[in-house]
Every structure is written in C-alpha cells, then in structure tokens.
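Please keep the sequence and the model in view while reading.

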Amino acid sequence: MIKRILHGAAVPLAAVVLWQAVSALGWLNPQIVPSPLAVLRKLLEYASPLEPYSPEQGSYLVWLVSGELLHDAYASLSRVIGGFLIGAGLALPLGLLMGTNKTIYKLFDPLVQILRPIPPIAYIPLAILWFGLGNPPAFFLISIGSFFPVLMNTIAGVRHVDGIYLRAARNLGAGQMTMFRRVILPAATPYILAGARIGMGTAFIVVIVAEMIAVNSGLGFRILEAREYFWSDKIIAGMFTIGLFGLAIDLGMNALNNHLLKWHRGLEH
C-alpha cells in the first residue's frame, strides 16, 4: 500500500516542487499564479475558524469545525451525494427494464437519445425558473448529470450478458425472476458500478457550476466569490479542495467495486 501511495504521489509532488521553484525564481506573477506555499497558507486560513475560541461559544470541537472550508465542503458534498442518489435511483430500475425488455427499450430509447447529449448546464435557466434558487435546482442538475451514465451503463451491462449463462440457466430450469436475480444482475454489476463511478465524477462537475449560479454556499460559490475579489490563491485552494474530495470519493467507490466484484476478478485471474 505504501509503495502504491508513493508511486501515485510522485508526479503530483514533482509538479508542486517545480511550481514552487518557478514561483521562487519570479517567473510567475503571484497575483495571477500564486506559489504553492501561498495557496497552502490560504487553504489553512480558509479552514480555520473565523473567530478566536471562547468558552462562552460552546464546545471546542464545534469551534474547531466552524471554518468556511468545512461548511462549504459539507454543503457541496451533501448536494453531490443527494443528487447522485436521486439520479442513480431513477436510472437503475429504468436501465434494468430497458435492458431486459425489448418493448420498453424501443419506447424509451428515442427519448433517452434525444436528452442524453444535452449537457446539464443547459438546464440551469429552467432549473432556476422551476425551482428558484438554493438546493432544489442544484439537486435537479446533479441528478441529471448522474442519471445518464448510470442508465447507459446499466442498459449495456444487461444487454451484454453472455448468452452461454442465459442458456445454461434455462437448461437448469431457472424462471424469469431467478434468471434476473442470479444471472443477469450479477453479470451486469461491473457495468453498473462503472456507470456509478462516472456518474459521481459528473456530479462533482455539475455541483460546482450549480453553486456558481444558483446557490449562495459551497465550494463553487466560494471560488466565484474569490474571483470577484481577485483572490487567486483562494481560487486555487478551492480547486484543490474539490480535487481532494473527488479523489477520496473515487478511491472509496473503487474499494467498494473491488469488494463487490471479488468473484468477477477471481474468475478473470
């Protein structure tokens, strides 16, 4: 594990060292591209409580997590997870139905193919008109961004189940429900999980855009606010925060995939 971490961190660390060296030599305008140390100082300031601790304010732990960064990160992550669950929760059953039933597939596929190329950002004016400002339009946009990757991968997974498995199950007397539960769904699971991973990545992209336009909190809102005041260090600090949270969630989803697909990898290796 340590070896994997070192291998993964080698290139980012080298890039940061090069960035700091170029900044120290004065080759970069610090107002436009601040040094890594300046970004780190701003990140720590961003994460620190706004006021000095006083026992009258309550517990020390509550004060410790009262910084802007944690509140913005919590707001963004709650929107990402909530919107993703809505989008994936709608896409999964529809994808399973479209993958297993040709009639349902023919009915819904034209509509899906019309809506799928439309980027979630294009829905922003409608989302504001329908839901106003705040969390509802953000959840709507994120759910759209998560919906189609999960849907398309679920359909592909169900429709690409090896025919040998289906024929073997029929020869053994499996009914439709048993066939779906014991053959189709397990065989489609790698595709579904891959779609969920892509959908989560799309959700992070959409939440930042939504927060810049329709919400007055979160990491996207704070980046836009920093742009208004020309705080380049805070912009980059916010970007790195988004990247780190995205990396943590992606690693978690990858670990979940590896756990759920032990049988699949066992057959391969």
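On a 1 Å grid over the protein atoms alone, a pocket is an open set of points with protein on both sides within 12 Å along at least five of seven lines, whereas a cavity is a set where a 1.4 Å probe fits but cannot get out; lining residues have an atom within 4 Å of a point. Grid points are joined across faces, edges and corners, and the volume is the space filled by probe spheres set on the points. This is a predicted model, in which local features need pLDDT of at least 70 and side-chain atom pairs count only at pLDDT 80 or more, while totals for chains, interfaces and linings use all residues. Residues are numbered from 1 along each chain as its sequence is written, and side-chain values use heavy atoms, with hydrogens and water left out.

The largest pocket has a volume of about 440 Å³. Its lining consists of 15 residues, and those nearest the centre are Gly99, Thr100, Asn101, Val158 and Ile184. Helices are named here as DSSP runs (H or I, at least four residues; strands are E, at least two), numbered from the N terminus. At least two lining residues of the largest pocket come from each of helix H4 (68–100), helix H7 (135–159), helix H8 (163–171) and helix H9 (176–213). The most is given by H9, with five residues of the lining. Sorted by class, the lining of the largest pocket has seven nonpolar, five polar and three charged residues. In this sorting Ala, Val, Leu, Ile, Met, Phe, Trp, Tyr, Cys and Pro count as nonpolar, Asp, Glu, Lys and Arg as charged, and the others, Gly among them, as polar.

Salt bridges come next. Side chains of opposite charge can pair when their charged atoms come close. The criterion is a side-chain nitrogen of Lys or Arg within 4 Å of a carboxyl oxygen of Asp or Glu. By this rule there are eight salt bridges. In one of them the side chains of Arg222 and Glu68 meet at 3.7 Å, N to O. This pair links distant parts of the chain, with Arg222 in helix H10 and Glu68 in helix H4, 154 residues apart. Burial is judged by relative accessible area (buried under 20%, exposed over 50%, partly exposed in between; 1.4 Å probe, protein chains only). Arg222 has a relative accessibility of 13% and therefore counts as buried, whereas Glu68 is partly exposed at 22%.

Glu68 also forms a salt bridge with Lys234, where the closest N and O atoms are 3.1 Å apart. Here too distant parts of the chain are linked: Glu68 is in helix H4 and Lys234 in helix H11 (residues 232–260), 166 residues apart. Lys234 counts as buried because its relative accessibility is 9%.

Another salt bridge joins the side chains of Arg79 and Glu211 (2.7 Å, N to O). Arg79 lies in helix H4 and Glu211 in helix H9, so this pair ties together parts that are 132 residues apart in sequence. Both Arg79 and Glu211 are buried. Through shared partners, salt bridges join Glu68, Asp72, Arg222, Glu225 and Lys234 into one network.

Helix H10 (residues 219–228) also holds Leu224. Leu224 is partly exposed because its relative accessibility is 24%. Its C-alpha atom is separated by 17 Å from that of Asn135, 89 residues apart along the chain. In the loop between H10 and H11 lies Phe230. Phi of Phe230 is near 60°, a positive value in a residue other than glycine.

Trp130 lies in helix H6 (residues 124–131). Trp130 is exposed, because its relative accessible area is 55%.

Two further residues complete the tour. Leu115 is in helix H5 (residues 102–115) and is partly exposed at 29% relative accessibility. Phe140 is found in helix H7 and counts as buried at 19% relative accessibility.
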